[in-house]
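This briefing goes through one protein model by topic. Please keep the sequence and the 3D view open while reading.

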Amino acid sequence: MEPPKGTDETYPVAIEDTDDCPAFHGRIVRGVKNGASPEWMQRALTAAGMRPISTLVDLTNYGTLGFARPSHIYDLAKLKGALTVRRAREGESFLALNGKSYTLSPADCVIADEAGVIGLGGIMGGERTAVDAQTTDILIELALFDPERIAKSGRAHGIDSDARARFERGVDSGALASSDVGLTHAVLNCAGGTAGRPFLAGSIPAPAAPIAFSPKTINALGGTNITGERMLNILLALGFAVKGDKATPPTWRHDVTQPADLAEEVLRIAGYDAIPTVPLPKSPNISSAALNAAQVRAAAVRRTLAARGLHETYGWGFVSEKQAAAFGGQSDALKLLNPISEELSVMRPNLLPHLIAALVHNHARGSADLALFEVGATFQLPSPSRGGPGRGAMGEAMPDSEPPHPSSPAWGEEIQRAVAAGVRTGLRSGLHWSAKGDAGAFDAKADAFAALDAAGLDAGKTQISRGAPAWYHPGKSGVISLGPKNILGHFGELHPGVLGSLGCDFPVVAFELFLDAIPAAKAAKRKALRISDFQPVRRDFAFVVDATTPASELVKAVAGAEKTLTRDVTIFDVYEGKGVPEGKKSLALSVTLQADDRTLTDAEIEKAAQAVSAAAMKLGAVLR
C-alpha cells in the first residue's frame, strides 16, 4: 500500500547511459528524525555482523541483508542541484563512506550532483551527502545497475561492500516500486516525516523471454516420471508464470534462461532422490586406467608414508613472503596480485613451511612427538643457470652445486613440481620404554627411501651426497640423486636458524622428494621368487677411511666386489676416537654371502673376503 503522500515534490535525476543504470527510482521524505534505530533492528544487524549506526543507515542495511535489495539515502540539504548517473571523468575522485578517497576513471559508473561525484554506483555512497544526526530531509534511492560494471569497478578499487555483493549477482528488477513502498513505510514508522510521490528516471527492464516448457523434455533430461501437473505446481510456487507450453521466470531469477534450467528447478523441488538409479552401460572400448601413472605413484607414496606412522596433512598452495624467503622462493613472479591475506601471498616454493607450522601448532598443545607428511605441488622460478647461487634464509649464499633438473624450463618460466615431503620431531615411536630416542636425519632418510621404493625405484641404486639446500643443517643432511644430474630429493635435520625464523624452537628432521624426477618404472615381467636352500655366511669387516669419505661409497665398492655371491652389505658401526688416527673414522660392515646351488667352501669364502678388502683398499681404506 502506497504510504500517505504529503506533497508531489520530486527531484531531478538524469541517466546518461541506461546500460550502466537502467532505472533510478526515488522519493523525497521531509521532516525525519535520525536517531537510534529500534532495538529489534539493532539486534538483527548485530547478529549479522554489522554495527548499528542510525535509523536511516540501519534501515538501508536491514533491507540489503533481509531482502537482497540495496538502497541509499541522501541528505537532501547537502545535494547541489540535479543528479546525474554517468561515467566518471578521468582523475575524478570522491570521499566514500568508509573514510577512504578513491580516484576514478571512465570505466566507473557514478552518481553526481553539480558539485561532483557523490557515490560509486551500486557500490558505496559518498561522505559529502551522508545522513547524520542533523538530517531532516532525505532523498531515497533505489536503482538498478549493470552487474558486470559493478564487478569490474569493485575489483579495480578493492571495495567489498554488501551492495556490490548483491548488485554484481543481479537484483530483482521488477521490485523497485514495491521496495520503495516498503522502505518509505519503514522510514515513516521509525523516523517520522512526510513522504513525497515516487518518481522514476529511466525505465524498468522488460521481463525475461518465455522459455519452452515441456514435461516430456524435463522427464527425459532427469530420467524421471513426474506428472505435468506436478511440474506446473512446482513452477508456479517458485514464481514462474506458465501459459501453455511457455514458462516465464520471475524477475528475481536471472539464472533461468533455457529448458534445462526449468528441469533443474523441477528436480530440486521434487527431490533428487526421485531420480532412479540406473547403471551406465558397459563399454568395450574403455581400456585405459582411471588413474594415470603419476596419480598411481602419488597414491602409493601416500600409503607407504602413512604406514610408517606419518599423518597426512593438506596445506595451502600459498605461503607468506617470510616463509617463501626461508625456502628459496624470493622471486616477484611467484607473488599473487590479489592475495587472500599477507600470510598467503606467495605461491609456495616448498611444502615444508606448512608442515613446520603444523608441528608448531600441535607442539604448543602438548603433542611433542609428531610425524607429518604432504604430497602436493610446489612452484619455483629457476635462476638463470639454475645456476647462480641464491640466498638462504640466514642470508648466506646457497651452493651452486645442484645440477638442473632434466625437465627444467628456461629462465623466467615457472616450474610446478609434484613433491612428497615429511617432517619428524620428538621420539621416533612416542613415549615408551622401548623407544629408541629422538628422530634423526637417518629417520628422514629412511622415510625418503621407503617413498622411493613405493614410487617404483630401487632406493639402493641412488647416490647420497652433500650439498643440501640452505634450509638444512650443513653437517646433518644429504642430497639423493640418480646419476650426477638427476636430483631426486633432500633429507636431514633442518637448520636451527630457519626453524627459529618460523617460530619453531625444537629440532625437526625432514625429507623432500621430487616425484616428477623419479624415472618411470619399466614394465618388466615379475621374476619368480628365488630362495636359496643353502646356508648364508656373514663376514664382518672394519675399515679405516678418511672422515670425509661417504659411507655409501664404501658400501657400493664392497657390494660390487663379488656380485655373484654377495647378498647384502650393511654398516653396523661408525667409530671415531681412541685408537683411530685423527681425521679418520672406522666403518664396520657386515657382508652376507650365499650361493643358490651349493654350500660355500672355506676357499670360496676366503676368496670373497679378499675381494672385499681389495675393493675397499682402492678407495684408500685400511683393514683394521
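How many salt bridges does the structure hold? The model is a predicted one, and the structure holds 29 salt bridges. The points below take up some of these pairs, then the cysteines, the strands and sheet, and the nonpolar cores.

**Salt bridges**

- Side chains of opposite charge can pair when their charged atoms come close.
- E265 pairs with R268, with 2.8 Å between the closest N and O atoms.
- Both E265 and R268 belong to helix α8 (residues 259–270), where they lie 3 residues apart, about one turn of the helix.
- E265 is buried at a relative accessible area of 4%, whereas R268 is partly exposed at 39%.
- R164 and E168 form a salt bridge with an N to O distance of 3.0 Å.
- R164 has 8% relative accessibility and counts as buried, while E168 is partly exposed with a relative accessible area of 24%.
- R164 and E168 also belong to a network of salt bridges that links them with D160 and R169.
- E92 and R89 form another salt bridge, and their closest N and O atoms are 3.7 Å apart.
- E92 has a relative accessible area of 15%, so it falls under the 20% limit for a buried residue.

**Cysteines**

- A disulfide is a covalent bond between the sulfur atoms of two cysteines.
- The count of disulfides in this model comes to 0.
- C109 is buried, with 3% relative accessibility.
- C190 has a relative accessible area of 27% and is partly exposed.

- Strand β8 (residues 109–113) pairs with β9 in the antiparallel sense over 4 bridges.
- A hairpin is formed by β8 and β9, with 2 residues between the strands.
- I111 has G119 in β9 as its bridge partner.
- β9 also pairs with strand β10 (residues 124–125), in the antiparallel sense and over 2 bridges.
- G119 stands opposite G125 in β10.
- The hairpin of β9 and β10 has 3 residues between its strands, and G122 in that turn has a positive phi of about 75°.
- Why is β9 described as largely enclosed by the rest of the structure? Strand β9 (residues 116–120) has 5 of its 5 residues buried, so the rest of the structure largely encloses it.

**The sheet of 7 strands**

- Strands of a sheet pair through backbone hydrogen bonds, either parallel or antiparallel.
- An open sheet of 7 strands runs in the order β17-β20-β21-β25-β24-β23-β22, and its pairing is mixed.
- The edges are β17 (311–312) and β22 (463–465); each has a single partner strand, so one side of each has no neighbour in the sheet.
- Helix α12 (residues 441–454) packs on this sheet and touches β21 (415–425), β22, β23, β24 (486–494) and β25 (509–514).
- The direction of α12 makes about 25° with that of β25.
- β22 pairs with strand β23 (residues 472–482) in the antiparallel sense over 3 bridges.
- I464 has I480 in β23 as its bridge partner.
- T378 lies in strand β20 (residues 370–380) and is buried at 3% relative accessibility.
- Neighbours within four places in sequence aside, T378 contacts R348, P349, N350, L351, I415, Q416, R417 and V419.

**Nonpolar cores**

- In soluble globular proteins, nonpolar side chains tend to be buried together.
- The largest nonpolar core in this model has 54 residues, and L83, I138, L139 and V187 have the most contacts inside it.
- Strand β11 (residues 137–144) gives the largest share of this core, with 6 residues.
- L139 touches a set of residues that includes Y11, R27, I28, H72, I73, Y74, L76, L79, L83 and F199, when residues up to four places away in sequence are not counted.
- A separate second core has 53 residues, among them A444, A448, F449 and C504.

Conventions: Residues are numbered from 1 along each chain as its sequence is written. This is a predicted model: local features need pLDDT of at least 70, side-chain atom pairs count only at pLDDT 80 or more; totals for chains, interfaces and linings use all residues. Side-chain values use heavy atoms; hydrogens and water are left out. A disulfide is a pair of cysteine sulfur atoms within 2.5 Å. Buried means under 20% relative accessible area, exposed over 50%, partly exposed in between (1.4 Å probe, protein chains only). Two strands pair if DSSP finds at least two bridges between them. Contact means heavy atoms within 4.5 Å. Axes are lines fitted to C-alpha atoms, for helices over the stretch in contact, and angles run from 0 to 180 degrees between N-to-C directions. A nonpolar core is a set of buried Ala, Val, Leu, Ile, Met, Phe, Trp, Tyr and Cys residues joined through side-chain atoms within 4.5 Å. A salt bridge is a side-chain nitrogen of Lys or Arg within 4 Å of a carboxyl oxygen of Asp or Glu.
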